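I opened my notebook to write down what I looked up, entry by entry. Each entry starts from something I wanted to know.

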Amino acid sequence: MTVITESASGPQDVAAIGINPGEFERFYREHLEVVRVYLARRMDDPFEVADLTADIFLRAIAGCTTYRRELGPPRAWLIGIARNTLGDHRRSGARGASAIRRLSAQRLLDDDSTQRILERICAQSAARLLLAAIAELPDSLRHVVELVAVDDLSLVDAARVLGISAGAARVRYHRARRRLRTTLPRQAQEVTP
Amino acid sequence: MNPTPPSELDGFETSLLTELKSHVAKSAATNAANPRSAAVDVPGPTRPRRWFVGIAASVAAAMVAAILLVHALWPTPAFAVTGRNSGDITVRVVRLEGAEKLERALDERGVPADITYLPVGKRCAPDRYAAVSVSGLMISISYTEFEITIPPGTVGTHDTFVMSAAVAPIDNGMKVSVDFNIAHGPVRPCRIIDAP
């Protein structure tokens, strides 16, 4: 198979990742860290991390033609996919998720890669504290705080992921911060922008 | 926010990338077998160029059609051919001119070719030739050009590389339609019909 080497790729090339292996590789390398961190902050099983990593990119491939620039940068779009993937995984349980999984990625794990995932999980302990601290917030507030304070999205991009207006996201975020000031440990508060 | 620098991959991530790229290639082949699903809706010409690749399916792909919007400004020259039939041959088209010259350029590289550039809104009737089952025949399209890659040995004895293309102006650029394949045996002249 011929590899297309010339590419002036950018955020607008997301649609090509479903049909062009070279474009997909560029996207994968550029956004893998987003997926690594997202899952390391929320999962503690490296095998599930491996499978979910594959699932997230498979969903990105399947849904790449739905990406629109006005939905935000590809990173925000991918975080939205990761969020939905993890949500489905938790709702259906590992058995249900594996039943629809097209690529069982954990078979690709070697000892070294497993250790790296575990190290990333350990390195995200502060984010885990923050996630635990906001767990009691109402969903509408928690989702905004999670995307902004944990996943480092802007309020505008978080609003796009959630399908709400930027103004609504801003209001929810500040309401959440008002509540969290009394419940969050100091280091967790400092994570917020 | 600045883009994340490309990641260094560990063994798992490298293996996963290989499998996912294979998955993409298979999806592309499926799309290539279905011209409608191969259509790409590209935003307006003020955005950077983007690529579309279709890979002719190994058996089912009788014809590959790729459609997208391209920038109205065509640079010169009209086309370029590189490689020979013992290796990859790349046909790069930036302007639908000189079909006969392109045929000669391909013939000089051992690839008999039938090239047709069509009027706006037209296409060749799909009964011109018997298609050869091939794999690896690819097209990439940007705002300003398209490029077809013919793998080595794809065009055998009594085979012909057949390509027809049309350009139509639209609100914010141009729409290009490209049909291409490998024919075995005679290729009848293009009978022009209305494009769907």
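Predicted model: local features only at pLDDT ≥ 70, side-chain atom pairs only at ≥ 80, totals over all residues.

## Helix H4 of chain A

Which residues of H4(A) are buried? I found A:Ser113, A:Thr114, A:Ile117 and A:Ile121. Seen down the helix axis, these buried residues fall within an arc of 105°, so they line one face of H4(A). I recalled the rule for this: an α-helix has 3.6 residues a turn, so residues three or four places apart point the same way.

Next I checked the length of H4(A). The helix has 13 residues, 111-123, and should span 18 Å at 1.5 Å a residue. Its end C-alpha atoms are 18 Å apart, which agrees.

## Salt bridges

How many salt bridges does the structure hold over all chains? I read 19. The general idea is simple: side chains of opposite charge can pair when their charged atoms come close. I looked up several of these pairs.

**Between chains.** I stayed with H4 and looked at A:Arg120. Its side chain meets that of B:Glu13 in a salt bridge, at 3.5 Å from N to O. The pair crosses between chains, from helix H4 of chain A to helix H1 (residues 11-32) of chain B. Are the two partners buried or exposed? A:Arg120 is partly exposed, with a relative accessible area of 22%. B:Glu13 has 3% relative accessibility and counts as buried. The cut-off for buried is under 20%.

**Within one helix.** I then moved to helix H7 (residues 155-162) of chain A. There A:Arg160 and A:Asp157 form a salt bridge, at 2.9 Å from N to O. The two are three residues apart in the helix, which means about one helical turn separates them. A:Arg160 is partly exposed at 37%. A:Asp157 counts as buried at 11%.

**Between loops.** B:Arg191 lies in the loop between strands E11 (173-184) and E12 (192-194), and B:Asp127 in the loop between strands E6 (122-124) and E7 (130-131). The pair therefore ties together parts that are 64 residues apart in sequence. B:Arg191 is partly exposed at 49% relative accessibility. B:Asp127 is partly exposed too, at 40%.

**A network.** Which residues did I find linked in a network of salt bridges? They are A:Arg42, A:Asp139, A:Arg142, A:Glu146 and A:Asp151.

## Cysteines

I searched the whole structure for disulfides and got one over all chains. The bond joins B:Cys124 to B:Cys190, with an S to S distance of 2.0 Å. The angle about the S-S bond is -110°, and the link is left-handed.

Where do the two cysteines sit? B:Cys124 is in strand E6 of chain B, and B:Cys190 is in the loop between E11 and E12. They are 66 residues apart, and the pair links distant parts of the chain. B:Cys124 is buried, with a relative accessible area of 5%. B:Cys190 counts as partly exposed at 21%.

A:Cys64 is buried, with a relative accessible area of 3%. A:Cys122 counts as exposed at 59%.

Conventions: Residues numbered from 1 in each chain as written. Chains lettered and ligands numbered in written order. Heavy atoms only, no water. Helix = DSSP H or I, 4+ residues; strand = E, 2+ residues; numbered from the N terminus. Expected span 1.5 Å × (residues − 1). Buried < 20%, exposed > 50% of the residue type's maximum accessible area, 1.4 Å probe, protein only. Arc of directions from axis to C-beta. Salt bridge = Lys/Arg side-chain N within 4 Å of Asp/Glu carboxyl O. Disulfide = S-S within 2.5 Å.
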